[in-house]
Amino acid sequence: MSIDKVKNYFSQYDKENDIKEFPVSSATVPEAAQALGCEEARIAKTLSLKLNDAAILIVMAGDAKIDNHKYKQAFGKKAIMLKFDEVETMTGHPVGGVCPFAVNPDVKIYLDESLKRFSTVFPACGSANSAIELTIDELSKYSNAVRWVDVAKIL
């Protein structure tokens, strides 16, 4: 299971017990915010996109969405979301649990500037009912992100 891969990944940092698992779904931003009792903006949603036939992940604030103009400036191409049936195969995590931890080796991860407004955020952990609270510095460290990007617009 994907959450087991993430727990194993976090065990190297002695943080596997920081992962929260819920009796309800946290697959969407509103569901995750409700399960955690926090504002939707603090959910660090992970978008699965295709860039040059490879999967990339962009983690952004829960109240943000891709700004197509900014994305094209940053990546030189139009944003294309992975198809539902491509997500788990290409990223290593199922839809609803995609996160920037323990992903397939060829997946590049980018963090969006929209997250920097918060001291802590809540990314998923490989399942549709899990999350972990991380500081922005921890998210950057544990995600092994390629770089920070500015490709979002706040809704």
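How many helices and strands are there in the chain? The chain has five helices and ten strands, where helices (H or I, at least four residues) and strands (E, at least two) are DSSP runs numbered from the N terminus. The model is predicted, so that local features need pLDDT of at least 70 and side-chain atom pairs count only at pLDDT 80 or more, while totals for chains, interfaces and linings use all residues. Residues are numbered from 1 along each chain as its sequence is written, and side-chain values use heavy atoms, with hydrogens and water left out.

The overall dimensions come next. Along the principal axes, the C-alpha atoms fill a box of roughly 40 × 30 × 25 Å. The chain exposes about 7600 Å², of which carbon and sulfur atoms supply 48%; accessible areas come from the Shrake-Rupley method with a 1.4 Å probe, and for residues only the protein chains shown count as cover. Among contacts (heavy atoms within 4.5 Å) between residues at least 6 apart in sequence, 63% join residues at least 24 apart.

Strand β2 (residues 43-51) is mostly covered, with eight of its nine residues buried. Two strands pair if DSSP finds at least two bridges between them. Strand β2 runs antiparallel to strand β3 (residues 54-61), to which eight bridges join it; Ser 48 has Leu 57 as its bridge partner in β3. The hairpin of β2 and β3 has two residues between the strands, and Asn 52 there takes a positive phi near 55°. With strand β6 (residues 120-123), β2 pairs in the parallel sense over two bridges, and the partner of Ala 44 in β6 is Pro 123.

Aromatic pairs are considered next. Rings of Phe, Tyr and Trp (its six-membered ring) pair if their centres lie within 6.5 Å; planes under 30 degrees apart count as stacked, over 60 as edge-to-face and the rest as tilted. The count by this rule is eight aromatic pairs. The pair of Phe 10 and Tyr 142 is edge-to-face, because the ring centres are 5.5 Å apart and the planes lie at 80°. Phe 10 lies in helix α1 and Tyr 142 in helix α5, so this pair ties together parts 132 residues apart in sequence. Both Phe 10 and Tyr 142 are buried. Phe 75 and Tyr 110 also form an edge-to-face pair, since their ring centres are 4.9 Å apart and their planes are at 85°. Here Phe 75 belongs to helix α3 (residues 68-75) and Tyr 110 to strand β5 (residues 108-112), 35 residues apart. Phe 75 counts as buried at 13% relative accessibility, and Tyr 110 is buried at 6%.

Most residues other than glycine have a negative phi. Asp 14, which is not a glycine, has a positive phi of about 60°. Asp 14 lies in the loop between α1 (2-11) and β1 (20-21) and is exposed, with a relative accessible area of 63%.

Notes: Buried means under 20% relative accessible area, exposed over 50%, partly exposed in between (1.4 Å probe, protein chains only).
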